Amino acid sequence: MPEPSSRRGAIVASALVTPTGPAPVRGRSSAEPLVLRDAGVAWEDGAITYVGPADGLPASSPEVFEGGLVVPGFVDCHTHLPFVGWRDDEFETRLAGATYRALHGEGGIYRSARLLSEAEDEEALAFCLPLVREMAEHGTTALELKTGYGLSLEAELRQARLARRLASEAPQACTVTLLAAHAVPHGMAREDWVRVACRELIPAVAAEGLADAVDVYVEDIAFSIEDLRAVAEAAAEAGLPIRCHADQLGPSGAAEAAVALGARSADHLNHVSREGVEALAIGDTAAVLLPASSFLMRGSPPPVRAMAEAGAAIALATDFNPGTSAVLSMPEAVAFGCAWYGLTPHEALTATTLNAAWVLGLHERTGSLEVGKDADLVVLDAEAFRRVPYRPGHNPVLATLVGGRSVVRR
Ligand SMILES: [Zn+2]
């Protein structure tokens with residue numbers, strides 16, 4: 001049995017599957033994981049010390065999961081936590097024919113910003129903590145937290161501090177992204193907010209060590225490629241990688257701009273151009289796919305096969321947020337990614353583990369089952385990983401371990 005106090009332990013399961021190769025894994029090569037039958041994993045001080053045949057395990061009395069499949073813990077590399085409150089009425093209004101753009105005035109991002117501003121810090125944490133625990137129940141061992149519901153200098157700083165507090169109380173490893181340009185604050189010109197974001201917000205966040213990356217929402221209802229360039233420059237000066245919400249509601253050329261700027265990721269990509277696909281294939285920018293939000297928005301899928309075949313590094317995440325994707329389950333994201341976006345199950349595994357860890361800069365400590373990495377692992381009630389996308393709605397997670405510490409047993 002795992003010993004939580006010493007963070008030492010071992011498990012045995014019927015099979016193990018993990019991505020291999022340097023991160024990020026590009027294109028179709030992600031279909032070549034390591035697959036072991038009758039497998040064992042051992043760890044000490046939270047780090048993996050052995051991965052291999054169960055009969056070679058160095059530790060005695062491992063915990064046995066008969067019929068279980070061990071995989072690396074899921075890394076959710078695109079979420080909008082912390083937030084407060086749901087917007088299911090907007091979902092219903094969209095089902096009746098309203099567009100996301102039409103609701104983006106008083107509703108949408110602005111509404112979540114208002115709800116967050118009306119909540120005390122403790123209230124916000126009390127809303128978010130059960131959600132990150134529910135993510136652990138679905139196998140998430142590391143995740144991104146994001147700001148963007150502040151919409152003023154002070155409120156963005158407050159949300160970033162709140163994110164750091166949530167990170168310290170969550171069972172998982174969390175990174176924080178400053179979504180410096182999400183929606184133009186009411187009563188302010190777009191270029192004025194971009195100036196505040198670049199000259200005041202990013203330097204203040206960097207000085208306080210509140211964020212690990214900076215993000216920009218490029219869209220006709222939000223910010224331009226010119227704004228992305230300005231924010232990327234400010235982020236680079238602050239030593240922070242840049243990410244980008246790209247080509248979600250319509251084509252803008254954001255993907256190729258993100259690659260040209262050396263962005264860590266371009267996310268969404270529903271309307272990415274051919275040039276964008278070609279850029280992602282050769283650049284150092286991961287394509288982060290968010291099919292749950294596309295599904296709930298009834299959007300169209302990106303050209304995923306073209307991206308994979310061209311050699312792009314693909315990651316897959318939930319986009320967990322109250323407006324467009326109230327989905328926090330990575331197994332659900334895998335199901336959407338396979339059944340609708342056309343990823344193979346093994347591509348989806350790499351996209352939700354090693355490549356997602358690379359997007360967050362965590363690939364040296366998590367994302368695959370390798371000696372020396374954190375013992376972040378999930379045991380699934382499945383013979384093969386394909387069982388996960390095959391059974392959407394079913395939670396396949398039997399156990400979740402973060403750094404060898406048991407956080408979920410079902
Ligand atoms: Zn997002």
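**Loops, sheets and domains of a predicted protein model**

Q: In which loop is P82 found?
A: The structure is a predicted model, in which local features need pLDDT of at least 70 and side-chain atom pairs count only at pLDDT 80 or more, while totals for chains, interfaces and linings use all residues. Residues are numbered from 1 along each chain as its sequence is written. Helices (H or I, at least four residues) and strands (E, at least two) are DSSP runs, numbered from the N terminus. By this numbering, P82 is found in the loop between β5 and α1 (88-95).

Q: What is the omega of the peptide bond from L81 to P82, and what is that of the bond joining A23 and P24?
A: The bond from L81 to P82 is cis, with omega near 0°. P24 is in the loop between β1 and β2 (34-44). The bond that joins A23 and P24 is also a cis peptide bond, and its omega is about -5°.

Q: Why is the protein described as being as compact as a globular protein of its length?
A: The secondary structure comes to 15 helices and 15 strands. The globule rule (2.2 Å times the number of residues to the power 0.38) is compared with the radius of gyration, taken over C-alpha atoms. The protein is that compact because the rule gives 22 Å for 410 residues, and the radius of gyration is close to this, at 20 Å.

Q: What percentage of the residues of the protein count as buried?
A: A residue is buried if 20 or more other C-beta atoms lie within 10 Å of its own, exposed if 12 or fewer, and partly exposed in between, with C-beta atoms placed from the backbone. Of the 410 residues, the share that counts as buried is 57%.

Q: Is E156 buried or exposed?
A: E156 lies in helix α5 (residues 153-169). Two residues are in contact if their C-beta atoms, placed from the backbone, lie within 7 Å; leaving aside residues up to four places away in sequence, E156 touches T147, G150 and L201. There are 29 other C-beta atoms within 10 Å of E156, so this residue is buried.

Q: In what order do the eight strands of the open sheet stand, and which are the edge strands?
A: Two strands pair if DSSP finds at least two bridges between them. The pairing in this sheet is parallel, and the order is β5-β6-β7-β8-β9-β10-β11-β12. Each edge strand pairs on one side only, and these strands are β5 (74-76) and β12 (314-316).

Q: What is the bridge partner of H245 in β10?
A: Strand β9 (residues 242-246) runs parallel to strand β10 (residues 265-268), and four bridges join them. The partner of H245 in β10 is D267.

Q: Why does H268 count as buried, and why does D38 count as partly exposed?
A: H268 lies in strand β10 and has a positive phi of about 90° although it is not a glycine. D38 is placed in strand β2 and also has a positive phi, near 45°. H268 counts as buried because its C-beta neighbours inside 10 Å number 29. D38 counts as partly exposed because its C-beta neighbours inside 10 Å number 13.

Q: Which elements cover the buried residues of α7?
A: Helix α7 (residues 225-237) has 13 residues. Its buried residues are D227, L228, A230, V231, A232, A234 and A235. Their cover includes β7 (173-181), α6 (190-207), β8 (213-217), β9 and α8 (254-260).

Q: Which residue stands opposite A399 in β15?
A: An open sheet of seven strands has mixed pairing and the order β3-β2-β1-β4-β13-β14-β15. Within this sheet, four bridges join β14 to β15, which run antiparallel. In the hairpin of β14 and β15, with two residues between the strands, G403 takes a positive phi near 55°. The residue opposite A399 is R409.

Q: Which element gives the largest share of the side of domain 1 that touches domain 2?
A: Domain bounds come from an automatic or database domain assignment, which divides the protein into domain 1 (9-72 + 368-409) and domain 2 (75-359). The contact takes 28 residues from domain 1 and 33 residues from domain 2. The elements giving two or more residues to the domain 1 side are β4 (63-72), α15 (387-390), β14 (397-402) and β15 (405-409). The largest share, three residues, comes from β14.

Technical notes
Expected span 1.5 Å × (residues − 1).
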